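This briefing is for a reader new to the structure shown below.

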Amino acid sequence: MMPPEQETTATTSTATSIQPGNIPAANWSENALVHAEPSGTSTRSLSIDVSTCFEDDQMPDQLQDQANAHRFSILHQSLRPITLKFEDVAYTIKLQTNKGSCLAPHEPKPTRTVLNGVSGVVRPGELLAMLGPSGSGKTTLLTALAGRLPSKISGVITYNGQPFSSSMKRKTGFVTQDDVLYPHLTVLETLTYVAMLRLPKQLSKQEKMEQAEIIIRDLGLSRCRNSIVGGTLLRGVSGGERKRVSIGQEMVVNPSLLLLDEPTSGLDSTTAQRIVATLRGLARGGRTVITTIHQPSSRLYRMFDKVVVLSDGCPIYSGHAGGVMEYFASIGYVPGFDFVNPADFLLDLANGIAPDVKQDEQVEFHGRLDHHGDHNSTKQSLIASYKKNLYPALKADIHRNLTDPVLSTSGILSSRGCENRWTTSWWEQFKVLLRRGLKERKHESYSGLKIFQVMSVSILSGLLWWKSDTSRIQDQVGLLFFFSIFWGFFPLFSAIFAFPLERPMLIKERSSGMYRLSSYYFARMAGDLPMELVLPTIFVTVTYWMGGLKPSLLTFVLTLLIILFNVLVSQGLGLALGAILMDVKQATTLSSVTMLVFLLAGGYYIQHIPSFMAWLKYISFSHYCYKLLVGVQYSANEVYACGVGRECRVMDFSAIQFLGLDHKWWDVAALTVMLVGYRVLAYLALRMGH
């Protein structure tokens, strides 16, 4: 006998019969995290619609009173149920080839079909699982359904009969396979910042924080609410807790459609069961939940309402999970023994392994061509059976009830009213992102290793140039050039990593419509000021007075300001290189060559640059910084001891004479143009990259 099939529920009916008030409440275990609804209660009075387009003064008083009176769980029924239908979805990619040359005739690039004719229907209250071996197209299909596939796909995907839109994007939650989280933030801070950014401005700060607390309680994260999330190099919460935090980030806005890419990967069976039980509970609240899963246990499989099985991008089954074994038995595929896990049976079929082939025969035929031929013939047989037996009924189901008056009207109104609106203002996004950035990056900017690096170089250089005076003007000029070079290299190589390392987080949050790119960018720039200017201030303060430079407070302040200006310009160049290349290795290589050129053209090592190469010094910010440092350190009439009983003018010293210190404001203007230009270039690179 087969294991008990999945129980049938009312969610297998059509979308019109699944009204929020009609979904039965269920009693779940503590791990299932499911609520019990009071019967007959209007959905409108249960929770706040986080995508509402009403302003405070436009919302009816009665609705406001009800909204303030009821603070319910995220597992309460969704106010905007979505029926997702996809028909004949196909996706083809072009393969990169290294063969051929420039002189060879142009040949079209070979292509690979990732998806081919995948169809299905998921209604509110249903949990759909996509099964298939690695490389079968599960993640690609999930990404396409979430509206996040950059290339164009063929086929039709509708949400309540409407195409994907920006308003639909804000009603959709997408949890990637890899948990993209800030490692130094706690669980509470992570969810609170998401609530501040994604919940509408009609809610107060206290209400948004309460929503984060509700999510922590409902997802079973109360025990680790004040623990840091952690990451690869930082110990934090467990893998299951981290996955629930990722789910919680999407549940903040009470999404109508929730998509998850392999949420149980790397988790033990008990933790995986808790995650899937949570998803089933969310679906029972009236949401549409879709997940890919690699190899679920029989316990997990029984929780699925529908399954889609893919084999090399082609569907071999799409329908109710409880009818899988019966369908394959009807076309001649019956397991060879009792009590088999349906998921294992489906994966064998998706790999082309017929159930009548014994294990020893598989070992015997392993690696032989006819064995692969048998696999391919089995796959083709299953695909043909799907098209003959399942596809006609599935297509009829897709085209039946294309428009539901309630769902379609609400979708259209929401799309018209909120299409181009952000949930929060630009200023609010800027403040929240600034606070989050400062809290996360302070561990990196003020790490013990970085402080040791700067302080050790500061003290060492102070000892090397200990109490130098104008009689050793060559040494003093060398110290000033070292200032410009060190604080050109150091910020540059630190800034290169900024955008490439934050790219996954930026893509994830921007794809969900969390904030504007401009608010993120300006918050990043503002947050860098206290982070990046403290260490150079300490460095200059220590080295300046140890090195015996001019003992004048005004000169010291001007020297410090020039160094800080140079740091900002250098950092801007690093941000621009990182944003343009988005590859740490390439950006590091290019910046090394760039800084080497700036070093040589800075005016210290070479004074007589050939005319055809003289333009290099005009694009070197180190050159302008060096000129300004020398210009404020020495006055026009200052002299130094150039021999026994002889004094010479500082401006006649060869290393200074060829610098040309007459136009300091032009140097300041050049650095200002670079400061603005590099940062505008970085922003444009981010904008075009998205």
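Patches are made of residues with over 30% relative accessible area and no salt bridge, where like charges are joined within 9 Å and nonpolar side chains (Val, Leu, Ile, Met, Phe, Trp, Tyr) within 5 Å. Accessible areas come from the Shrake-Rupley method with a 1.4 Å probe, and for residues only the protein chains shown count as cover. In this structure, Leu 553, Leu 554, Val 557, Leu 558 and Leu 561 make a nonpolar surface patch of about 470 Å².

This is a predicted model, in which local features need pLDDT of at least 70, side-chain atom pairs count only at pLDDT 80 or more, and totals for chains, interfaces and linings use all residues. Residues are numbered from 1 along each chain as its sequence is written, and side-chain values use heavy atoms, with hydrogens and water left out.

**Confidence**

- The mean pLDDT of the chain (the predictor's confidence in each residue, from 0 to 100) is 81, and 81% of the residues score at least 70.
- Confidence is highest in strand β3 (residues 127–131), with a mean of 96, and lowest in helix α13 (residues 405–418), with a mean of 43; helices (H or I, at least four residues) and strands (E, at least two) are DSSP runs, numbered from the N terminus.
- Residues 403–420 have a pLDDT below 50, and this stretch has 24 contacts in the model beyond near neighbours in sequence; contact means heavy atoms within 4.5 Å.
- Residues 1–78 stay under 50 in pLDDT, and the model has 145 contacts for them beyond four places in sequence.

- Leu 558 belongs to helix α19 (residues 553–581).
- Leu 558 counts as partly exposed because its relative accessibility is 34%; buried means under 20% relative accessible area, exposed over 50%, and partly exposed in between (1.4 Å probe, protein chains only).

**Salt bridges**

- The structure holds 18 salt bridges, each a side-chain nitrogen of Lys or Arg within 4 Å of a carboxyl oxygen of Asp or Glu.
- One of them joins Glu 189 and Lys 439, with the closest N and O atoms 3.6 Å apart.
- This pair links distant parts of the chain, 250 residues apart: Glu 189 is in helix α4 (residues 187–198) and Lys 439 in helix α14 (residues 426–445).
- Glu 189 is partly exposed at 22% relative accessible area, and Lys 439 is partly exposed at 28%.
- Arg 400 and Asp 397 form a salt bridge with closest N and O atoms 2.9 Å apart; Arg 400 is partly exposed at 41%, whereas Asp 397 is buried at 16%.
- Arg 524 and Asp 528 meet in a salt bridge of 3.5 Å, N to O, and both residues are buried.
- Both lie in helix α18 (residues 517–546), with Arg 524 and Asp 528 four residues apart, about one turn of the helix.
- A network of salt bridges links Arg 441, Glu 502, Arg 524 and Asp 528.

**Annotated spans**

- An unreviewed UniProt entry places the feature "transmembrane region" at residues 478–501, 521–547, 553–580, 587–606 and 668–686; positions are in the numbering used here, feature names are shortened, and annotations may be inferred rather than shown by experiment.
- Residues 478–501 are 92% helix and 0% strand, with end C-alpha atoms 35 Å apart.
- Residues 668–686 are 100% helix and 0% strand, with end C-alpha atoms 27 Å apart.

**A loop residue**

- Asn 341 sits in the loop between α9 (324–330) and α10 (342–350) and is buried, at 13% relative accessibility.
- Apart from neighbours within four places in sequence, Asn 341 contacts Pro 296, Ser 297 and Ser 298.
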